[in-house]
Amino acid sequence: MTGGADHRPRLATAVPGLLVFFNPLTQLAYIPISVGLGRSLDLSAAQIGITIGVHSVATAAAGVFAGPLLDLVPVRRILVPGMVVNTVVSVLLCLYQNYAVLTVGRLLTGLASGAIALCGQALVADLTVGDPKARDRGYSLLQTFVSMGAASALALGAFAAALDRPVVVFAVGAVYASILLGVVVIARLGRERPPAAHAPGVPFRQRIRLTGSAIRAMLRERRRQWLILSSIGIGMTMQGSHFGVSVLLDRLSDDLSTLARVGISILIPCGVFTGSFINRLSLKRITRELLFTRLYLVIPLAASAYAAVALAGLDVAVVALTLVLLGTCLGALMPLSVAISVHWNPELRATAAATESLSRSVGQTTGPIAVGALVALAGVGTVGVVVVVATVLGFAASRNIFSTST
């Protein structure tokens with residue numbers, strides 16, 4: 001990679017991490033304020049769920065377009081426009097809030113932050129060419145930044161919800177986006193050509209056709225299809241859990257202090273942070289594939305515990321504590337699915353990562369909507385049912401990933 005070896009540690013640890021930090025900040029900080037903001041705007045539970053889920057839809061769309069592009073053009077061409085869009089839209093969300101503005105604004109920030117996160121993943125792959133173990137650890141470190149972003153976002157959202165000032169969330173997003181844009185521009189990042197673009201003498205249009213053929217072959221792999229289904233389960237589990245906690249917190253809003261709301265809101269990402277650390281330690285002893293299958297033996301048990309205590313009507317703190325275990329399992333698992341995806345197709349490192357992101361976004365979109373619908377039909381105590389179903393779905397898919405031929 002150009003720019004000298006002295007820049008590699010800084011790029012590998014700081015900049016990609018700051019990039020992936022941004023997606024959970026824009027996605028999750030909104031969830032704690034969504035219920036109260038929806039009430040003030042006279043929105044239905046389904047409309048609130050849509051404003052949450054549309055961000056994940058947009059992230060998925062970003063993967064469809066940005067993933068293949070990042071395998072053909074320098075990262076910078078995607079990264080800088082994405083930061084500009086996020087900055088401008090976040091400012092507009094500070095000034096206007098209604099159902100239409102929230103939906104469109106969340107759609108645009110999802111598109112931009114999804115593309116930005118893929119840029120971070122592509123940079124990690126570029127910096128670890130020829131060293132798969134370093135690449136695995138790099139993705140695990142990115143998951144640490146994601147969990148830090150999730151914890152910060154949920155704490156920010158819970159704080160804004162307690163103050164009844166949702167505009168705080170949008171203002172912080174605007175400030176972070178503008179600062180990160182300045183860092184990217186000054187550091188002159190992502191000018192290198194991606195692996196798929198290194199085809200001397202081959203016209204760009206032909207490289208596009210060759211890359212498209214390689215992507216179609218990748219998606220036809222049976223093991224890839226099972227990994228996609230497993231990742232959908234991961235997304236449903238994570239986002240459904242977050243929304244479930246927000247529903248429970250809203251029910252007990254009069255009985256909880258601001259500090260308690262913030263503390264409970266960040267328990268899941270705290271578990272994810274712990275899990276990503278466990279992931280890095282475990283990869284020194286066992287393979288990514290073996291760790292993946294073992295973790296899927298535990299996740300359905302953690303989800304069942306969460307659902308059981310919610311159905312029993314226990315205190316929200318008890319429910320949230322079970323999510324620490326669930327978050328730990330997810331934090332150890334999520335970097336593995338990305339690492340496995342890129343390991344199978346390193347020449348398409350951005351598209352492979354985008355496929356994983358797209359699959360997870362499908363689950364993240366359907367998770368809150370399904371939880372909201374079930375709560376409307378059967379009551380708050382059912383918030384964990386969707387999470388259990390999602391983990392069972394992912395578990396069933398995981399049994400076939402490594403036993404299926406390509």
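Modeller: Happy to! A salt bridge here is a side-chain nitrogen of Lys or Arg within 4 Å of a carboxyl oxygen of Asp or Glu. This is a predicted model, in which local features need pLDDT of at least 70 and side-chain atom pairs count only at pLDDT 80 or more, while totals for chains, interfaces and linings use all residues. Residues are numbered from 1 along each chain as its sequence is written, and side-chain values use heavy atoms, without hydrogens or water.

Let us start with E356 and R360. These two form a salt bridge whose closest N and O atoms are 2.5 Å apart. Both sit in helix α15, four residues apart, so about one helical turn separates E356 from R360. (Helices are DSSP runs of H or I with at least four residues, numbered from the N terminus.) E356 counts as buried because its relative accessibility is 3%; the cut-offs are under 20% relative accessible area for buried, over 50% for exposed, and partly exposed in between, with a 1.4 Å probe and protein chains only. R360, with a relative accessible area of 12%, is buried too.

S337 belongs to helix α14, which covers residues 316-344. With a relative accessible area of 0%, S337 is buried. Its side chain also reaches the backbone oxygen of M334, at 2.9 Å. If we leave aside neighbours within four places in sequence, S337 is in contact (heavy atoms within 4.5 Å) with L227, S231, I234, F292, E356 and R360.

D71 is buried, at a relative accessible area of 0%, and R349 counts as buried at 2%.

Another pair is D136 with R288, whose side chains meet at 2.8 Å, N to O. D136 is in helix α7 (residues 132-163) and R288 in helix α13 (residues 288-311), so here parts 152 residues apart in sequence are tied together. D136 and R288 are both buried.

For contrast, turn to some exposed spots. D42 is in the loop between α3 and α4. D42 is not a glycine, yet its phi is positive, about 60°. With a relative accessible area of 69%, D42 is exposed. D164 shows a positive phi as well, near 60°, and is likewise a residue other than glycine. The place of D164 is the loop between α7 and α8 (167-187), and its relative accessible area of 60% makes it exposed.

S40 lies in helix α3, residues 30-40, and counts as exposed at 58% relative accessibility. The side chain of S40 reaches the backbone oxygen of L37 at 2.7 Å. In sequence S40 and N98 are 58 residues apart, but their C-alpha atoms are 9.7 Å apart in space.

A last stop is a place where two helices meet. The axes of α2 (residues 15-28) and α4 (residues 45-70) come within 9 Å and cross at roughly 150°; axes are lines fitted to C-alpha atoms over the stretch in contact, with angles from 0 to 180 degrees between N-to-C directions. The two helices are therefore roughly antiparallel, the word used for angles over 145 degrees. N23, T26 and Q27 of α2 make the contact with H55, S56 and T59 of α4. These residues divide into no nonpolar, six polar and no charged, where Ala, Val, Leu, Ile, Met, Phe, Trp, Tyr, Cys and Pro count as nonpolar, Asp, Glu, Lys and Arg as charged, and the others, Gly among them, as polar.

Key:
Polar contact = N/O pair within 3.5 Å; in protein donor to acceptor, adjacent residues only side chain to side chain. Parallel < 35°, antiparallel > 145°, perpendicular 65-115°, else oblique.
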